[in-house]
Amino acid sequence: MRKILVLAAFTVVFASTALAQNGPLQYYPLTPCRVVDTRNSVSTNGGPIVGTNSSRSFQIRGLCGVPNSSRAVSLNVTVTQATQASYLTVWPSGLNRPTVSMLNFEPTDPALANGIIVAVSENAQDLSVYNNFGNVHVVIDVTGYFQ
C-alpha cells in the first residue's frame, strides 16, 4: 500500500511542475536583490518616504538581473517606520490603482513584509506603490521574473 501512495504523490508533484512550465510565461528565479529602498537618499528608487494618500512609481526592469523583456516580477515588499496604521497597494504603473491592499500594517510593526507577483508596466517606471495613511518607508527585493 505504501508504494502506491508514494507513486501517486510523485505523480501529482511531477504533473503540477510540468503544467507550470507549459504556461504562457516562464518563471526565472533570481538571488534576492534590493531594487527599491526609500530609506536611501533621493534617487529613482530611493527616498522620500511614501506619504498619506500618495503613490510613487519605481523602475524594476533593467535592474537586479530583471531583463527589459520581463512581463511580471516576483517581489518581497517590506514596510518599516510607519507613522500610522495603513495599507500598501502595488500595481503596474500607468494603470488604475486596484482597490485591494497587498500589505496592512501598524506603526508598532518594526518591519512587515509580503511576497507578491505583479505585472510590470510598459512605462519607464514599472510599478506604482500607494500608501493610504501616514508616512512609511518601502523596501522592495526582486526574487524572480516572468517572460
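Two strands count as paired here if DSSP finds at least two bridges between them. In this predicted model, Tyr 27 stands opposite Phe 146 of β8.

## Overall make-up

The protein contains one helix and eight strands. Along the sequence these elements follow the pattern α-β-β-β-β-β-β-β-β. Of the 147 residues, 38% are buried. The accessible surface of the protein is about 8300 Å², and carbon and sulfur atoms account for 58% of that area.

Among contacts between residues at least 6 apart in sequence, 76% join residues that are at least 24 apart.

## Strand β8 and its partners

Strand β8 spans residues 137-146 and is mostly covered, with nine of its ten residues buried. One partner of β8 is strand β1 (residues 27-37); the two pair in the antiparallel sense over seven bridges. The position of Tyr 27 opposite Phe 146 belongs to the description of β8 as well.

Strand β3 also runs antiparallel to β8, and nine bridges join the two. Within β8, Val 138 is the bridge partner of Val 79. Strands of a sheet pair through backbone hydrogen bonds, in either a parallel or an antiparallel arrangement.

## The four-stranded open sheet

Four strands form an open sheet, ordered β2-β7-β4-β5, with antiparallel pairing. Strands β2 and β5 are at the edges and have a single partner strand each, so one side of each has no neighbour in the sheet. On average, neighbouring strands of this sheet are turned by 20 degrees against each other, direction ignored.

Inside this order, strand β4 (residues 86-92) and strand β7 (residues 127-131) run antiparallel and are joined by five bridges. Leu 88 has Asn 131 in β7 as its bridge partner. In a regular strand, side chains alternate between the two faces of the sheet.

## The disulfide

The protein has one disulfide by the distance rule applied. This disulfide joins Cys 33 to Cys 64, with an S to S distance of 2.1 Å. The pair links distant parts of the chain: Cys 33 is in strand β1, Cys 64 is in the loop between β2 and β3, and the two are 31 residues apart.

The angle about the S-S bond is -55 degrees, and the link of Cys 33 and Cys 64 is left-handed. Buried means under 20% relative accessible area and exposed means over 50%, with partly exposed in between. Cys 33 has a relative accessible area of 24% and is therefore partly exposed. Cys 64, at 24% relative accessibility, also counts as partly exposed.

## Two loop residues

Ser 70 is located in the loop between β2 (54-58) and β3 (72-80). Its relative accessibility is 5%, so Ser 70 counts as buried. A polar atom of the Ser 70 side chain lies 2.9 Å from the backbone oxygen of Pro 67. Apart from neighbours within four places in sequence, Ser 70 is in contact with Arg 61, Val 120, Tyr 145, Phe 146 and Gln 147.

Thr 108 lies in another loop, between β5 (103-105) and β6 (111-119). With a relative accessible area of 70%, Thr 108 is exposed. The C-alpha atoms of Thr 108 and Gln 81 are 8.5 Å apart in space, while the two residues are 27 residues apart in sequence.

How values were computed: Residues are numbered from 1 along each chain as its sequence is written. This is a predicted model: local features need pLDDT of at least 70, side-chain atom pairs count only at pLDDT 80 or more; totals for chains, interfaces and linings use all residues. Side-chain values use heavy atoms; hydrogens and water are left out. Buried means under 20% relative accessible area, exposed over 50%, partly exposed in between (1.4 Å probe, protein chains only). A polar contact is a pair of N or O atoms within 3.5 Å; within protein, one must be able to donate a hydrogen and the other to accept it, and residues adjacent in sequence count only if both atoms are side-chain atoms. Contact means heavy atoms within 4.5 Å. Accessible areas come from the Shrake-Rupley method with a 1.4 Å probe; for residues, only the protein chains shown count as cover. A disulfide is a pair of cysteine sulfur atoms within 2.5 Å. Axes are lines fitted to C-alpha atoms, for helices over the stretch in contact, and angles run from 0 to 180 degrees between N-to-C directions.
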